[in-house]
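Please read the points below against the sequence and the coordinates.

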Amino acid sequence: MPQITLYTYFRSSCSARLRIALALKNLPYTAIPINLLKDEQHSTTNTTLNPSATVPTLLIKSENNTVKITQSLAALEYLDETFPDTASSLLPPTSDPSARALVRTLSHIIACDVQPVTNLRILKRVAPLGVDRGAWSKELIEDGFRAYEAIAEKSAGRFSVGDEVTMADVCLIPAVWGAQRVGVELERYPTIDRVARGLEEVEAVKLGHWRNQEDTPEEFRV
């Protein structure tokens, strides 16, 4: 078993994707907290590992090699390819390329259309312009959720694509947690709402929840 290290922040949705995926695959790891509110992401220690000055960073060290991945979707696909446990596959089988493309499409709606424009780095930049950070995030999340809902209402079973947890769900549920913080009414997106409720009962999701991390402040813990 390789040695896995995850540089993470308790409220980072990108970090949560990897926490959930590692739990789904039963892969033990060491978490190293990077406090974004204290700008620790800009420290030399972090930027040496992650030139983007972000989290997460995933390190997988085996006997002869260390793999470093600093983008969450790339890390999710790497984990799926390197630890191909069919019981916790994040992508449908290669024999079903259309389903794989669908999972990736939903994942990218969250990871490309929603998260980058609502993360802390962008919120810090729009605040001096007089923009209400909560309203900004709420509007952009709602735009992304409308797109996700329109696709997922046709593809969902128990979860976003069929009845198994996929990479799409691993991206969706941290986005739902962020949406709840800014007052998005999930009832407006019935498929997302139903899928999210189901995901909340998955043990790996509970383990990856932002309230349950080593660096979660005591006042936020469950």
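1. Ile60 stands opposite Val67 in E4. Strands here are DSSP runs of at least two residues and helices (H or I) are DSSP runs of at least four, both numbered from the N terminus. E3 (residues 57-61) and E4 (residues 66-69) pair in the antiparallel sense over 4 bridges, where pairing requires that DSSP finds at least two bridges between the strands. The two strands form a hairpin, with 4 residues between them.

2. On provenance: the model is predicted, and local features need pLDDT of at least 70, side-chain atom pairs count only at pLDDT 80 or more, and totals for chains, interfaces and linings use all residues. Residues are numbered from 1 along each chain as its sequence is written, and side-chain values use heavy atoms, with hydrogens and water left out.

3. E3 also pairs with strand E1 (residues 3-8), in the antiparallel sense and over 5 bridges. In that pairing, Tyr7 stands opposite Thr57 of E3. Of the 5 residues in E3, 4 are buried; buried means under 20% relative accessible area, exposed means over 50%, and partly exposed lies in between (1.4 Å probe, protein chains only).

4. Is Ser88 buried or exposed? Ser88 counts as buried because its relative accessibility is 8%. Its place is in the loop between helix H3 (72-82) and helix H4 (97-118). A polar atom of the Ser88 side chain lies 3.4 Å from the backbone oxygen of Leu24. Leaving aside residues up to four places away in sequence, Ser88 touches Leu24, Lys25 and Asp80, with contact meaning heavy atoms within 4.5 Å.

5. Ser95 is also found in the loop between H3 and H4. At 65% relative accessibility, Ser95 counts as exposed. The C-alpha atoms of Ser95 and Asp132 are separated by 46 Å, with the two residues 37 apart along the chain.

6. The structure holds 5 aromatic pairs. Rings of Phe, Tyr and Trp (its six-membered ring) pair if their centres lie within 6.5 Å; planes under 30 degrees apart count as stacked, over 60 as edge-to-face and the rest as tilted. Phe10 and Phe220 form a stacked pair, 6.4 Å centre to centre and with 25° between the planes. This pair links distant parts of the chain, 210 residues apart: Phe10 is in the loop between E1 and helix H1 (13-24), and Phe220 is in the segment after helix H9 (203-208). Phe10 is buried at 5% relative accessibility, whereas Phe220, at 26%, counts as partly exposed.

7. Phe145 and Tyr189 form an edge-to-face pair, because their ring centres are 5.8 Å apart and their planes are at 85°. Here too distant parts of the chain are linked, 44 residues apart: Phe145 belongs to helix H6 (residues 133-155), and Tyr189 to the loop between helix H7 (167-181) and helix H8 (190-199). Phe145 is buried, with a relative accessible area of 0%, and Tyr189 is buried at 2%.

8. Ring pairs also link Tyr9, Phe10, Trp210 and Phe220 into a cluster. The charged end of Arg11 sits over the ring of Trp210, 4.4 Å from its centre. Arg181 lies over the face of Trp210 at 5.7 Å from the ring centre. The criterion is NZ of Lys or CZ of Arg within 6 Å of the ring centre and within 35 degrees of the ring normal.

How values were computed. Polar contact = N/O pair within 3.5 Å; in protein donor to acceptor, adjacent residues only side chain to side chain.
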